Amino acid sequence: MEETLNFIYQYREAIFIIILSIFLGIEVISHVPAMLHTPLMSGANAIHGVVIIGSIIVLGHAHDILSLSLGFLAVILGTLNVVGGFVVTDRMLEMFNKKNKKK
Amino acid sequence: MGTINDSILQISYIIASICYIVGLKKLSHPLTAKNGNYIAALGMGLAILTTILFHRTDGHAIGNIPLILLALAIGSFLGTLAAKKVKMTAMPQMVSLFNGMGGACAALISIMEFPRINPDIIAESGMMNGLTLSILLGLVIGSVSFAGSMIAFGKLDGRINDSKISYLKIINIIGIAAIIAMIVFIMFQEEMPSMTIVYILTVLSLLYGISFVMPIGGADMPVVISLLNSFTGVAAACGGFLYNNQAMLTGGILVGSAGTILTILMCKAMNRSLMNVIIGGFGGSAAGSDEGVEKHIKEITLSDAAVLLTYSQKVYIIPGYGLAVAQAQHACHDLEILLEDKGVDVKYAIHPVAGRMPGHMNVLLAEADVPYTKLKEMEEANAEMANTDVVIVIGANDVVNPAAEEDPSSPIYGMPIIKALDAKNIIVIKRSMAKGYAAIDNNLFYHPKNRMLFGDAKNVLQKLIAEIKAM
């Protein structure tokens, strides 16, 4: 019990961020029209590519050949997630914008 | 305490977090969506740049910069290339693929960070600490997301067929129990365990990811991708917890919760619960109640269809996956323009789960320059169905199946449908009498009001256009 309380106290800031972000995430997208579901999913997909920061930190402090190569791979994968995600989303949304101008 | 470097880094992370939130918010409105995407991307770029420049671990700056830049360049090049080259119809599997990359990235981080858990913490409280938990969760969730996304990609791309192996569900339960047991086991170790157990956990998670997605039908892949998307978000947040990195934490959790809500919205559109999608899956078991009754279908000739359409006042087009497969969106738009010129009111009725992803039809029709004011959502279209002279069902099946309303034994019973039957005439353009993704028969096709136009959607539409023009 005491350990649990300690744990919560120790990580109180992270826990705060997590709880607030959960509500924010729900609130932000709850009124999205169905036609934007796919681009929104794709955009969210790009945002979780933020995991790339972790891979940069790992690679930035890697020394042996194994962690260098794994870190290198991780950064490539993370970049694919970020860049691919945003470009795909942009392409989808381009379709919507094109007709807006015509109108 | 804080150095200038730290301050700059933290401020940039705050800005990045705001960018994600504003970006997501703008992404949920059609007019601002494109800007929303740019804003989110800008925030991401800022977070990456400042991490490289200002991040310090115990005073050590980020090293191996050339290697990092090379990896960024390779990833950007391949990512842009893949994203630019992919056809609009293949967008869903592309999202799945990129999602898998993020999951794999999170898993790799965990594998590398596990042996580096601060020995002081282990000496104090053994492996039972927040760092170990976040590393293990990042590893498991990332691996499941990676393996699952690859299977979802394979299924949507037609490389992997649906498997109806029933014992996979039991394997899944055993799998998840084994994964939890291993996490608990590692957490209760007094000392740093060997990496072998971490590798075993990784393999187990990968296998679980495969067997988790394998029994779920291709039609449910959108829901699965959205779910895996939120998984990867959580895996990224685990990394944020590990590094005490606020940008990763907010970004990951935002996607985790937004993704979960999106998943639930999609399930609601099909009137099914998430559990039902994951555990149930559409089975071939319920075959419909009136098997064996002789049914007749009527075909319509192209010229009859052309006359019927030209002299209608109001026409609704109901597109489905068949339209995407045949790449018939441009032909469809041409038909719409032609009919509008003849004074016919043409609109599109979009079922929320038509195609392989919610919004799939919208994106596809947008590609063909169909104005989005012409795209009506299901409720709105249903309200107008009774005044509609002709509905043209193009490559859609389950979303117009009256069994969803009439037949309680049907696996899709309860799913809201577009009430094509309410219209005065129905024309179904379809390649064959093959069943839809739910693998059940559709009584709409046998209804007296309905007539079939067999053939590839694009081909049929082009012939129909020629026929109308010749009139």
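**Exercise 1. Is Phe7(A) buried, partly exposed or exposed, and what is its relative accessible area?**

Start with the ground rules. This is a predicted model, where local features need pLDDT of at least 70, side-chain atom pairs count only at pLDDT 80 or more, and totals for chains, interfaces and linings use all residues. Residues are numbered from 1 along each chain as its sequence is written, chains are lettered from A and ligands numbered from 1 in the order in which they are written, and side-chain values use heavy atoms, with hydrogens and water left out.

Step 1. Take the cut-offs: buried means under 20% relative accessible area, exposed over 50%, and partly exposed in between (1.4 Å probe, protein chains only).

Step 2. Apply them. Phe7(A) has a relative accessible area of 28%, so the label is partly exposed.

**Exercise 2. Classify the ring pair of Phe7(A) and Tyr11(A).**

Step 1. Know what to look up. A pair of aromatic rings is described by the distance of the centres and the angle of the planes.

Step 2. Set the limits. Rings of Phe, Tyr and Trp (its six-membered ring) pair if their centres lie within 6.5 Å; planes under 30 degrees apart are stacked, over 60 edge-to-face, and the rest tilted.

Step 3. Search the whole structure: there are 4 aromatic pairs over all chains. In one of them, the centres of Phe7(A) and Tyr11(A) are 5.0 Å apart and the planes stand at 55 degrees, so this pair is tilted.

Step 4. Check the partner. Tyr11(A) is buried, at 15% relative accessible area.

Step 5. Widen the view. Phe7(A) and Tyr11(A) form one aromatic cluster with Phe241(B).

**Exercise 3. Describe the pair Tyr208(B) and Phe212(B).**

Step 1. Read the geometry. The centres of Tyr208(B) and Phe212(B) lie 5.8 Å apart, with 25 degrees between the planes, and the pair is stacked.

Step 2. Helices (H or I, at least four residues) and strands (E, at least two) are DSSP runs, numbered from the N terminus.

Step 3. Tyr208(B) is buried at 13%, and Phe212(B) is buried at 6%.

**Exercise 4. Trace the salt bridges of Lys347(B).**

Step 1. Apply the rule: a side-chain nitrogen of Lys or Arg within 4 Å of a carboxyl oxygen of Asp or Glu. Over all chains, 10 salt bridges are found.

Step 2. List partners. Lys347(B) meets Asp345(B) at 3.6 Å, N to O. Lys347(B) also meets Glu384(B), at 3.4 Å.

Step 3. Locate the second pair. Lys347(B) is in strand β4 (residues 345-350) and Glu384(B) in helix α16 (residues 378-384), both of chain B, so the bridge ties together parts 37 residues apart in sequence.

Step 4. Join the bridges. Through shared partners, Lys314(B), Asp345(B), Lys347(B) and Glu384(B) make one network.

Step 5. Lys347(B) is buried at 17%. Glu384(B) is buried at 17%. Asp345(B) is partly exposed at 27%.

**Exercise 5. Which residues of chain A does Ser257(B) touch?**

Step 1. Ser257(B) lies in helix α10 of chain B.

Step 2. Check accessibility. Ser257(B) is buried, at 7%.

Step 3. List the neighbours. Not counting residues up to four places away in sequence, Ser257(B) touches Ser21(A), Ile22(A), Gly25(A) and Ile26(A).

Conventions. Contact means heavy atoms within 4.5 Å.
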